[in-house]
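Colleague: I am new to this structure and would like to go through how its elements are described. Could you show it to me?

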Amino acid sequence: MKAIRRFTVRPVLPDPLRPLSDLARNLRWSWHAPTGDLFQSVDPGCWAACGRDPVRLLGSVGPERLTELAGDRAFLDRLDAAADDLHTYMTGDRWYQTQSGSRPRGDQLPSAIAYFSPEFGITAALPQYSGGLGILAGDHLKSASDLGVPMIGVGLLYRHGYFRQTLSRDGWQQEHYPVLDPNELPLVQLQEPDGTPALVGLALPGGRSLRARIWLAQVGRVPLLLLDSDVEENDPGARGVTDRLYGGGSEHRLLQEMLLGIGGVRAVRAYCRITGHAPPEVFHTNEGHAGFLGLERIAELGAEGLEFDAALEAVRAGTVFTTHTPVPAGIDRFDRGLVARHFGPGAELPGIDVDRVIGLGRETYPGGEPGLFNMAVMGLRLAQRANGVSLLHGGVSREMFAGLWPGFDPEEVPITSVTNGVHAPTWVAPEVLRLGARQIGAERAEEALTVGGSDRWDSVADIPDEDIWELRRSLRALLVMEVRERLRASWRQRGAGTAELGWVEQVLDPDVLTIGFARRVPSYKRLTLMLQDRDRLTNLLLHPERPVQIVVAGKAHPADEGGKRLIQELVRFADDPRVRHRIVFLPDYGMAMAQKLYPGCDIWLNNPLRPLEACGTSGMKAALNGCLNLSVLDGWWDEWFQPDFGWAIPTADGANGGTSTLSAVGDDPDRRDAVEAAALYDLLEQRITPRFYERGESGLPDRWLEMVRNTLSLLGPKVLAGRMVREYVERLYAPAAGGHRAMDPDAARDLARWKSRVRAAWHGVSVDHVETSETSETTGTAELGTTLALRVRVGLGGLGPDDVEVQAVSGRVDEEDRITDATPVPLKPVGSADLEGRWLYEGPLCLDRTGPFGYTVRVLPSHRLLAQGTELGLVAVPSQDVLGTAGLLMR
C-alpha cells in the first residue's frame, strides 16, 4: 500500500549524545576524518547502508544502541573531543583573520562575500550537483571555511537533484529522478524570529507570484542558502521551478536563474537580518546563471534614490564574475521577448526600465544575435572584475568576449584568470592522509592540505619508496573491490542473474597498471577516443607482460542523444568477454564513486578537444593521491605540465608538451581523432607501461615512484583550492571590496556622469601627430638601451587631460607589425592646449629588447574609480597617415 502522507520522524538522542546532532548538521564531517570515523563507530553496518550520511544514520540506529553509546565512556570522550574541535574550528582565527589584522586600515579585506552558483557539490549526502561546476563551487566553500573567509553560499535546492544513472541491457543510459525530502537531508529551514519560515518571493507576469523557502546547509564556517520553490503558497507551475537541475525549457530555466539571482540576494538579506551576519561587500557570480543578482542590487539602490546609471556603477564595483565556458554554445541565452515579459510593470523589478534590463544582455558585438539575451554578457557588464578558470581559459575567454571591448587586442580584454583548485581534505584518500600525518605530523599535514605552501610539501621526498609503493598498491586493491561491487550491482540492474556474474570476481587486478577516465560525456571530452583502434587497445589491455586496465564512468545530459550513444559504444566494448576483466564502465558517477576512483588509479586520462576544457579538475584530485596525469595540453594541464610528473598527449594543433610535433590535419575531425588516438597509444605502449613495470635494483619501479613523488611535491601545492581561494581574496575580493567602499552614492553618480560625458565626447578624441627626437627611425635600426623622446599631439574634443591617459605602447613586433608583448608607458601633458585645442604629451621610450621592435600611441579614458583603462571599451589610436614608420630593428 502507498502512504497518503509522508513525514520525517527525528530521533530523540539521550542527553550525553546531543552533540552528535550538531556534528551531523555541520557538513564539515564530510571532509574531517575524525568526525566521520566517530559516526562510523556508532554502527559501521548502518553507516555504510546510509551512504555515510550522519543524518540518515541517526534516524536509523535503534534506541538500544543509542542507550549503549550514552553509557560508553570511551565513545563519549571521543564525542566531546569532536565537539570541542568543531567549536574551535568555528570560532578560532584562521588564515583570513591573520591577513585582515595585518593590512592597512584603508585596505581591509571584505567583511563578507556572497558566492552564487546554480549547483554545489559538497557531499554525496546532499546531491545538488551535476559535474565540475558544482564540485568546484563546493570545494570553493569548503576551502573558504578552512581559511576563515567570511563567505555566504547561495544556490537552489532541487527536489530531484540531477539524475541517477543506470544502464539498459544493451548499454543505453537510463535516467531516474528520486524525490529528495529536505527534512531527511543535512539541512535546517531558516526561520524568522517568530518561528515562521523565512520566505522570498518573485513577481511573475499575469499577477502570479513565485515564493521560495530558504534551507540552510552549514558548510563548516560557511552558511549555504538553498532556495526551494516547492511550497504550498505557489501554484503547481511555480512549485516545480526548483524540481531538477538543468531541467525544463527556456522559461523554466529563466525562472530558475531569476530565483537564484534575484531571490538569492533577498535570501542573503533575510539571513543577515535574522542572524546578524555581516552583509556582503562583494558578490561573486560563479558562471552567468546568477547574473540577475546585479539587477536586484540595482533595484535596492534605486529604492534608496540612486539613479540606474549610478546604481549600475555601485553594483559593478563590488561584483566578481567567473566564466567557466570555453565556447559560446555553452552559455545560457534567452529570447529577449521572454526576458522582457518577466520584467517591468506587472512583473519583477517594475522600477527598472525593461529596455535597460535587455540592454545588459544584448549581443551588440559583430556576429552577435540582437534578438537573444546572453547571461554571460550580462554577467560581464555587471561586474567590474572577471576571470576564467585557468591560464589558457583566460586567453580563450578574452578571445570569445573581445567584441565587448572593440578596439583592443584580445590580450587586453579585462578578463584575468584564477586557475581552479580542489579541496584536498575531501579528495585525498584517508590512507594518503595517514601517511602524510605520520611523516610531518597531523597538524602540519592539515595545514599543508588547506593553506598550501611548497615548504610543507617538500617532506614528500623523505618518504621511503617502499611506503609509497605499498600505499599505491593498497589503494589499487581497494578500487578493485569497489569496482567489482558496483559492476555486480550494475549488471543486476541490467537484468543479469547471480549465476551469470561469476566472472565479476576476476575483474581487474591490484597489480596491473590502472587508468581512470571519469567525467561528464559531452562530445568534446571524447569518451570513446580510446576506441579509435580497437585492436590496438585490446592488445594493450591483454599484453602478456605489461597489461593495462581501464575504469570508465560518466553521465550524458538527459537530452544529449549523442552523448548517450558514446556511452553505449564504450559499454558494448567493455561487455566483450575477451576484455571485460580489463575494462569496465561504472554507471552513476558521483562524489562517492570519485572518492574511491581517484586514489586507486595510476594514470588519469583526459583527452578533450583542445582548448575546450576550461580547467578539468579531476586530474588535480587524482594527482593529490599520487596518480600521474596523461592528458591533452588543455585547461590546468597546459599551465602546469612537466615531464617530471606526467605525459602530454600530442594534438593535431601542435600542442605537444615537448613531444614530437604532429602535422596539422585541417578541419577533418575524424582525421584529427585518429592522429591523436595514435599518439595516445604510442605513449602507453612505448613510455608509460614500460616505466610502470620496469624494476630497479630494489625490486621497485624506481623511475615511476620518482614521478609519483614529483607529482605530490611539485603539483600538490599548486592544485589546492586553498591556493585558489587565497588568489581570489588577494586579486579579486580585496580590490572589489575596496571598490565597493569607494563607491558611495556621490562617487557613483560622479562616475556615471563622467562615463556618459566621455562616451558622448569620444568621437572627438584623436592622435594627430607622433614624433621622436632621435634619427633612428629614418634608418630603421637603433642600439639596445637607446631612449627615444616621444612627442605626441592629441585632440581631446570636449575632454581634458584629467579624463584620459595617453600611452606609448611598445614591444616586439611580428611580420605584420603587430606588437606581441606590449608594454604601456604613460606620457605626460606639457603646457596647455594650443589654438586648435590639441594637447602636447611627452615621455621617454626605452629600447630595452633586441630584435624587431615597434611602438604606437593611444588614448584611453582615465578615472580613479576605473579598475582598468580598457573598462569602457574606448580607445583612440593614430590614423594611417599619422603612423609613419612603426617598426625598428634593435641590435
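Colleague: Which residue stands opposite asparagine 286 in strand 10?

Modeller: Threonine 322 in strand 10 stands opposite asparagine 286. Residues are numbered from 1 along each chain as its sequence is written. This is a predicted model, in which local features need pLDDT of at least 70, side-chain atom pairs count only at pLDDT 80 or more, and totals for chains, interfaces and linings use all residues, while side-chain values use heavy atoms, with hydrogens and water left out.

Colleague: What makes strand 9 and strand 10 a pair?

Modeller: Two strands pair if DSSP finds at least two bridges between them, and strand 9 and strand 10 (residues 319-322) have 4 bridges, in the parallel sense, so they count as paired. Strands themselves are DSSP runs (E, at least two residues; helices are H or I, at least four), numbered from the N terminus. Strand 1 (residues 113-116) is also joined to strand 9 by 4 bridges, and these two run parallel, with phenylalanine 116 opposite threonine 285.

Colleague: Why is strand 9 called mostly covered?

Modeller: Buried means under 20% relative accessible area (exposed is over 50%, partly exposed in between, with a 1.4 Å probe and protein chains only), and 5 of the 5 residues of strand 9 (residues 282-286) are buried, so the description applies. Val282, His284 and Asn286 point one way from the strand, whereas Phe283 and Thr285 point the other way.

Colleague: How do you know that strand 15 and strand 18 pair?

Modeller: Strand 15 (residues 513-518) and strand 18 (residues 603-606) have 2 parallel bridges, which meets the requirement and therefore makes them a pair. Isoleucine 603 in strand 18 is the bridge partner of isoleucine 515.
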